[in-house]
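This report describes a structure for a reader who meets it here for the first time. Please keep the sequence and the model in view while reading.

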Amino acid sequence: MGGYGDVQMIDENGLRMDGRKPGDVRPITIETGVVPVADGSCRMIWGTNEVIVAVYGPMEAHPRKIQRQDRAVLDVAYNMAPFSTTDRIRPGFNRRSREISKVTADALESVVLLELYPRSKIRIGIEIVSAEAGTRCVGLTAASVALADAGIPMTDLVVSVASGKINDVVVCDLNKEEDNYGEADLPMGVLPNTGELVFLQMDGDLSPDEFKQAWDYNMDAAMEVHKLMVEALKGGGN
Amino acid sequence: MKGWPVARPDTMSRESSADGPRDSRRDLVVVPGEDLGESEGHEAGHGVLVVDGRLKSTKQGRMNTKGSTVTVEPLHTTYMPRPGDLVIGHIEGCTNNIWFIDIGAPFNSILPMSLGPAKVEFGGTRKVLDIGDSILCRVQEVEETHQSVVTMKGLGLRKIKSGALDDVDPHLLGRLIGKGGKFLKDLKHESECRIVVAENGRLWIDGELEGILKVRNKLKELSHDARQIGGVN
């Protein structure tokens, strides 16, 4: 992410290539119970990203060597479908998907009450059907909705949003071009009810002021997305 | 003329009805992390935690207040075994003297040879119950580590050889059985099937195919209705 100074991604009025203002988030649709055989599931469409998450368990952890005597383990598998991008992705795990699976599991471990299910496993499958940018954020957010749908006890939901820098302007929720040609990317995972941070990565360079701005954008966007997650889980039940 | 407002569907809300204001803590759908109010004077029941003097939901479900206890009735649950529960299990594996049983809980159960359905010789476990078989058994004990032991010594406990198995979420069993067992009785009568409801949410339905299908459709309907809270755009 060295930055491509000649690619103009924001105009003189501060509007981005897709017409959004710097702090705007792409349109989001959330649906629960989309995989009938799973214990809990969620489909999240975030801009042109589409993710399906299915949760199974808690179940007996196999192989036995992964069992923890005092708590459950989260088995997260993030995977991008071969057809999810314009370039075909080779099926199966790769370094990137392993990394994202691990950071997603780490973020979710801080909210799931794992100590209630010692020696068991909760399996979370994150399938990226269509990828634009920020799939790790969409995957993590959708996984927390699917866990809630599965009735897994949690202290809070996790909302993940990324902000970044394009043409020296800090913007929220990068799209594909902004992600590819931008100068920095800051994905964050937030607990909306307490404001705690459970996941943070940074790619590129941001000054302290820019970092603060990106942080604020992420926090504001997280609250917006949280409202939609709650609405989807309640589904007009209130 | 001024008087009490007439209750119409458009003037009725969750907070009030023709009978006056409703208990606002009743029947609300909540999500994990949601604040349920002050903890003072209230006890945290199932699906509720006390954090810094506030009640907090840990599950997605309907909030209920019974006396001073606030609980969340989840929309989806996992079976947790308790001693004495009648359960339907599937044989998942076996050794020379033990069967491993999947009872739908987060942890598998064991069925020792001594508690099996018949006298078994050491090494002959597979001759009596093979992997993939289903059994009607009872939870004998649950250890601190959540490991449980089941038994087949008891009246009516047996290997399931006929009919069909189906399942519903364990928390829906109350709804399936109905007040005084009325719903289940009607279902049995209507389908002309023998139905055994196990505490782990599994059901053994034995009878004619038509009746079995009737019961399964009813179960599907029940699960669907219970989870009817859809999505949002």
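## Cis peptide bonds

A:Pro63 is placed in the loop between S3 and strand S4 (73-80) of chain A. The peptide bond that leads from A:His62 to A:Pro63 is cis, with omega near 0°. A further cis peptide bond runs from A:Gly57 to A:Pro58, with omega near 5°; A:Pro58 belongs to strand S3 (residues 49-60) of chain A. Strands (E, at least two residues) and helices (H or I, at least four) are DSSP runs, numbered from the N terminus.

The model is predicted: local features need pLDDT of at least 70 and side-chain atom pairs count only at pLDDT 80 or more, whereas totals for chains, interfaces and linings use all residues. Residues are numbered from 1 along each chain as its sequence is written, while chains are lettered from A and ligands numbered from 1 in the order in which they are written.

## Positive phi angles

A:Arg119 is not a glycine, yet its phi is positive, at about 65°. This residue is found in the loop between H1 and strand S5 (120-130) of chain A. Is A:Arg119 buried or exposed? A:Arg119 is buried, because 22 other C-beta atoms lie within 10 Å. The cut-offs are 20 or more other C-beta atoms within 10 Å of the residue's own for buried, 12 or fewer for exposed, and in between for partly exposed, with C-beta atoms placed from the backbone.

A:Asn167, likewise a residue other than glycine, has a positive phi near 45°. The loop between strand S6 (159-166) and strand S7 (169-172) of chain A contains A:Asn167. A:Asn167 counts as partly exposed because it has 19 C-beta neighbours inside 10 Å.

## Chain A as a whole

Chain A has four helices and 10 strands. Read from the N terminus, their order is β-β-β-β-α-β-α-β-β-α-β-β-β-α. Of the 238 residues in chain A, 52% are buried. Among contacts between residues at least 6 apart in sequence, 70% join residues at least 24 apart; a contact requires C-beta atoms, placed from the backbone, to lie within 7 Å.

Along the principal axes, the C-alpha atoms of chain A fill a box of roughly 55 × 45 × 35 Å. The radius of gyration of chain A is 18 Å, which agrees with the value near 18 Å for a compact globule with 238 residues. That radius is taken over C-alpha atoms, and the globule rule is 2.2 Å times the number of residues to the power 0.38.

## A helix pair in chain A

Helix H1 (residues 95-109) and helix H2 (residues 135-149) of chain A pack at an angle of about 45°, and their axes are 10 Å apart. H1(A) is therefore oblique to H2(A). Angles under 35 degrees count as roughly parallel, over 145 as roughly antiparallel, 65 to 115 as roughly perpendicular and the rest as oblique. Axes are lines fitted to C-alpha atoms, for helices over the stretch in contact, and angles run from 0 to 180 degrees between N-to-C directions.

On the H1(A) side, A:Ile100, A:Thr104, A:Ala107 and A:Leu108 take part in the contact. Their partners in H2(A) include A:Arg136, A:Gly139 and A:Leu140.

## Contact between the chains

How many residues of chain B are in contact with chain A? The number is 27, and they meet 36 residues of chain A.

Note on methods:
Contact = placed C-beta atoms within 7 Å.
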